[in-house]
Amino acid sequence: MTDGTSTTTTRLGGPERRRPRVLLAMDPAVAARILDDEARTRLDALAEVDLDLIAADFAAPDAAAALAEAEVLFTCWGSAPLDEAVLARAPRLRAVVHAAGSVKHHLTDAAWARGLIVSSGAAANALPVAEYTVAAVLFANKRVLRIRDAYRAERRLVDWDARFPGFGNYRRTIGIVGASRIGRRVLELLRPFDFELLLHDPYVTTDQAEALGARRVDLDELMRRSDVVSVHAPELESTHHLLDRRRLALMRDGATLINTARGSLVDQEALTEELVAGRLDAVIDVTEPDVLPPASPLYDLPNVLLTPHIAGSLGGELRRMVASALDELDRYTRGVPFAHEVEPATLTRSA
């Protein structure tokens, strides 16, 4: 390149490639979690990078100096926003590789106007969420929470078929709200089962839904017909309380709602009333607020499985997202387009 960016080259068992200057930009605590020895070794091989410098604040002197030379930002949770002031101090910046899901928290309009190319780890992060959802679907239809509690209380032989007529996973109807990356992966994982799959997404055609193994329906029909409703729509102004009191009331008695998307998509007050009444079951991984107050009944209800936003990549699963991001950086060094490039036009209808 002739624009002042790094032109150092190397050979890594293949064709010659560039070694761009990379700045790590994220919360230092996040960096300590995601950048293990393997990731650090690979980063060092791919780029000119100071592995001990984590830019949480671009205004800090050491971060500012590195930003001025950086061609690529390697970001994750806690990255500061790339606003006009930051971009003005980053004349050589060409790309952002995000080792997590949504880039909306740090990619501003100014960043897109600058023409940066951006990659996201959203596809890698979709896998554990989809796996969590499928496990929740299968357990929900087997009435695991209610049977566990009844068995624990009674400790005797019980005719569970009589207690829970028709329970099980054969020919149940599963409604997927949102053909996002996660929603599509859930549909893919559910296809081998004997389910009827319904899909609501305003941007998906009937033929596209059929290609995903589902039947496209409007949201009210999905709520009425599904034994399990699983939410995978993005958090947008238009999706706030998408499942409101009226739509929750459409769900059949004994149905289960799964939410691994965002708490704001569901009217939590209305859902709590339905759950306290015992009419519905729920698997809730996201709430509004993110941590419920200690007095919330959702912590103790026997028909609720409440988890603290753990469906996405955590623990060992973080390695998948980092590996995906490093694969993208590898492509960049070889002049190959990103496999998971973010198109700004899609952000109005995606997470």
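Q: What counts as a contact here, and what kind of model is this?
A: Contact means heavy atoms within 4.5 Å. The model is predicted.

Q: Which residues of α6 and α14 meet under that definition?
A: From α6, the residues are A124, N125, L127, P128 and E131. They meet R320, M321 and S324 in α14. By class, this contact of α6 with α14 has four nonpolar, two polar and two charged residues.

Q: Why is α6 called roughly antiparallel to α14?
A: Helix α6 covers residues 122-141 and helix α14 covers residues 318-333. They pack at an angle of about 155°, and their axes are 8 Å apart. Angles over 145 degrees count as roughly antiparallel, so α6 is roughly antiparallel to α14. The crossing in which α6 passes α14 is right-handed.

Q: Why is α2 called roughly parallel to α14?
A: Helix α2 spans residues 37-46, and its axis crosses that of α14 at roughly 10°. The two axes come within 10 Å. Angles under 35 degrees count as roughly parallel, and therefore α2 is roughly parallel to α14.

Q: Which residues make the contact of α2 with α14, and how do they divide by class?
A: On α2 they are E38, A39, R42, L43 and L46. On α14 they are R319, V322, A323, L326, D327, L329, D330 and T333. They divide into seven nonpolar, one polar and five charged residues.

Q: Which residues make the contact of α6 with α9?
A: α6 gives A122, A123, A126, L127, V129, A130, E131, T133, V134 and V137. α9 gives R181, I182, R185, V186, L189 and L190. By class, they are twelve nonpolar, one polar and three charged residues.

Q: How is the chain divided into domains, and what separates their centres?
A: Domain 1 is 21-115 + 315-348, and domain 2 is 125-306. Taken over C-alpha atoms, the centres of domain 1 and domain 2 are 35 Å apart. Six residues from domain 1 and five residues from domain 2 take part in the contact.

Q: What is the area buried between domain 1 and domain 2?
A: About 510 Å² is buried between domain 1 and domain 2, and carbon and sulfur atoms give 52% of this area.

Q: What kind of peptide bond joins E288 and P289, and where does P289 lie?
A: The bond between E288 and P289 is cis, with omega about 5°. P289 lies in the loop between β13 (281-284) and β14 (304-306).

Q: What is the phi of R155, and where is R155 placed?
A: Phi of R155 is near 50°, a positive value in a residue other than glycine. R155 is in the loop between α7 (144-154) and α8 (160-163).

Methods
Residues numbered from 1 in each chain as written. Predicted model: local features only at pLDDT ≥ 70, side-chain atom pairs only at ≥ 80, totals over all residues. Heavy atoms only, no water. Axes fitted to C-alpha atoms, helices over the stretch in contact; angles between N-to-C directions. Helix = DSSP H or I, 4+ residues; strand = E, 2+ residues; numbered from the N terminus. Parallel < 35°, antiparallel > 145°, perpendicular 65-115°, else oblique. Left-handed = near helix turned anticlockwise from the far one by under 90°. Nonpolar A, V, L, I, M, F, W, Y, C, P; charged D, E, K, R; others polar. Domains from an automatic or database assignment. Buried area = accessible area lost by both parts, 1.4 Å probe.
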